[in-house]
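Please read these notes with the model open beside you, taking the points in order.

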Amino acid sequence: MLNIALFGPPGAGKGTQSEFLINKYNLFYISTGDLLRNEIANKSKLGLEAQSIIASGGLVSDEIIVQIIEKTITENPDSNGFLFDGFPRTYIQAYILEGLMIKLNTSLNCLISLEVDEEVSVSRLLNRGKTSGRADDNEVVIRNRLKEYNDKTLPVLQFYKDKGVYFGLKGDESIEEVNKNIQKIIKEELSKSLFNLVLFGYPGSGRGSQGIALAKKYDLEYLATGQMLDQEIQKSSEIGKRIVELYENGELVPDEIVVQLIEKKIANSNGVKGFIFKGFPRTLVQSYILDGLLKKHGSAISQIIEIEVPTLELISRLDKRSKTDRCMPYDNNTSKIVKRLQEHEIKTVPVIEKYNQLHGVKKIDGVGEFDTVLERISIELESALKHLR
């Protein structure tokens with residue numbers, strides 16, 4: 001998710017640049033003034049409360065503003081992110097937005113400030129006043145607005161400078177040049193975001209082979225729990241010895257071991273563009289673990305894909321695989337195959353349903369030649385990757 005706060009004094013050109021950012025990056029525009037007017041027009045509970053305050057000559061409280069912003073964000077889950085204009089206006093509101101972002105499991109990527117000399121702002125707004133018909137486009141009002149902006153905004157800018165997400169740009173350059181400089185900042189911010197794909201599918205759906213091919217094609221790190229467990233066994237590490245002991249006793253490897261290995265892999269994979277998760281999460285508990293683990297490392301799930309293959313085709317594929325060197329322990333007879341498919345149905349399908357409600361799960365037809373299925377998945381991945389560029 002891409003969240004941007006766009007700042008600048010009156011006449012800096014925020015409106016022009018906002019329109020570009022909204023269209024280019026599929027952002028939802030959040031202007032506190034617009035949101036308040038919408039709530040009042042819709043006669044919502046918050047709108048009526050705000051209207052009552054305004055009618056009595058008061059200022060709408062931060063408590064009402066933040067509720068309206070939270071409502072707007074949660075009601076627009078399909079947006080690639082949000083563009084904040086006019087919020088936060090004060091140092092206190094900066095803390096409010098920070099807390100709101102944490103609550104919503106996201107963060108503000110950057111604050112971009114279009115910096116313009118006062119005389120340039122005055123000149124631009126006076127020229128606008130010749131055609132706008134706005135009563136506030138006169139020099140006295142303009143200079144008062146600029147003074148108010150500077151008095152209230154400087155502490156906010158310092159807040160984000162201290163956080164390291166403040167970017168100041170010369171706003172008196174051409175629209176095209178300002179636009180170009182904004183894109184540079186956003187491109188750099190997006191490059192810090194990992195692309196994390198969770199690949200679901202019943203045993204025999206081709207998750208493993210497709211995951212490896214996708215990782216190579218898009219320069220992502222393939223992360224398969226079974227493979228990691230085998231590697232620990234081959235290294236005869238302490239964890240590997242523990243895994244062997246569990247296998248010999250017919251026990252499942254507990255989540256605490258799997259999570260250690262995943263976290264170690266993420267922490268040591270410097271410079272990667274993202275991960276493809278195969279075989280994890282298998283259960284609802286593991287889905288919460290993965291969400292928390294990625295958040296700890298400043299990341300999140302980017303895309304979820306389920307490869308769909310009819311049951312009879314799955315059984316046929318697994319039976320064929322049992323006669324190759326890729327045979328898995330559950331491949332050697334039909335009853336074990338059916339049991340493994342049932343286990344997926346009971347434990348993993350609820351995970352997919354959960355993610356479908358939260359993020360949306362892209363379902364891909366897994367029937368056909370390997371390259372055909374790979375192309376189907378690639379189309380979905382490239383669509384998701386565009387939102388990160």
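1. A polar atom of the side chain of Asn3 lies 2.8 Å from the backbone oxygen of Ser107, and the Asn3 side chain also reaches the backbone nitrogen of Phe82 at 3.1 Å. A polar contact here is a pair of N or O atoms within 3.5 Å, where within protein one must be able to donate a hydrogen and the other to accept it, and residues adjacent in sequence count only if both atoms are side-chain atoms.

2. This is a predicted model, in which local features need pLDDT of at least 70 and side-chain atom pairs count only at pLDDT 80 or more, while totals for chains, interfaces and linings use all residues. Residues are numbered from 1 along each chain as its sequence is written, and side-chain values use heavy atoms, with hydrogens and water left out.

3. Asn3 belongs to strand β1, residues 2–7 (strands are DSSP runs of E, at least two residues, and helices are runs of H or I, at least four, numbered from the N terminus). Asn3 counts as buried because its relative accessibility is 1% (buried means under 20% relative accessible area, exposed over 50%, partly exposed in between, with a 1.4 Å probe and protein chains only).

4. Leaving aside residues up to four places away in sequence, Asn3 touches several residues, among them Gly81, Phe84, Met101 and Cys110, where contact means heavy atoms within 4.5 Å.

5. Gly368 sits in the loop between β10 (362–365) and α16 (370–386), and it counts as partly exposed because its relative accessibility is 46%. Gly368 touches Arg317 and Val373, again not counting residues up to four places away in sequence.
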